[in-house]
Amino acid sequence: MEIPARNEILGMFKRYGVPGNIVLHCKTVEKIAVHIARALQKKGVNVNIKLVEALSLVHDMFKAATLGELKEDKFYKATKPTKKELQMQMWFKMKYPGLHEGKIAYEIFKVDYPDFARSITRESTWKKEIGEEKLIEEKIVSYVDTRVFLDKILTMKERT
């Protein structure tokens, strides 16, 4: 599977005007997910660290496109959005109306990284919706994303 390089993904955060709080969340998920993946590798589990890293970074990259407004609420901590963040949010809403952030990411990556794009789709959906078993890397990222709010690890009770 071809996977985009970390630097390529980090450049996309700027190019697509991803709000800082979403970048912080994605980087936190990456840090924790990679830590878990490495621990599993040490136990003999076959885990692709580069895939965990890349999935973690892109899993919510396009979240702003799914939000009504870029404002703070109980699920979304935000600073005042920049002009570019607002413009990009509107552009994504018009280009991909009603799509989930995982499906937007699929559309962005499917030409250059088709297998990676499919992995994004599996990570961001439930098995019953796609009829496919998730890879271990996708399960790690899904779990960590569930537990991380912005840059804090929460209990499952706190997260709901």
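Patches are built from residues with over 30% relative accessible area and no salt bridge; like charges are joined within 9 Å, and nonpolar side chains (Val, Leu, Ile, Met, Phe, Trp, Tyr) within 5 Å. By that rule, Lys 14, Arg 15, Lys 27 and Lys 84 form a positive surface patch. The model is predicted: local features need pLDDT of at least 70, side-chain atom pairs count only at pLDDT 80 or more, and totals for chains, interfaces and linings use all residues. Residues are numbered from 1 along each chain as its sequence is written, and side-chain values use heavy atoms, without hydrogens and water.

**Charge terms**
- A salt bridge is a side-chain nitrogen of Lys or Arg within 4 Å of a carboxyl oxygen of Asp or Glu.
- Lys and Arg count as positive, Asp and Glu as negative; His and the chain ends are not counted.
- A charge is placed at NZ of Lys, CZ of Arg, CG of Asp or CD of Glu.

**Patches**
- Lys 84 of the positive patch sits in helix α4, residues 83-95.
- Lys 84 counts as partly exposed because its relative accessibility is 38% (buried is under 20%, exposed over 50%, partly exposed in between; 1.4 Å probe, protein chains only).
- Glu 2, Glu 8, Asp 112 and Asp 115 form a negative surface patch.
- Asp 115 belongs to helix α6, residues 114-123, and is partly exposed because its relative accessibility is 46%.

**Fold**
- The protein has nine helices and two strands (DSSP runs: H or I, at least four residues; E, at least two; numbered from the N terminus).
- From the N terminus, the order is α-α-α-α-α-α-α-α-β-β-α.

**Burial and surface**
- Of the 160 residues, 44% count as buried.
- The protein exposes about 9,300 Å², with 55% supplied by carbon and sulfur atoms (Shrake-Rupley method, 1.4 Å probe; for residues, only the protein chains shown count as cover).
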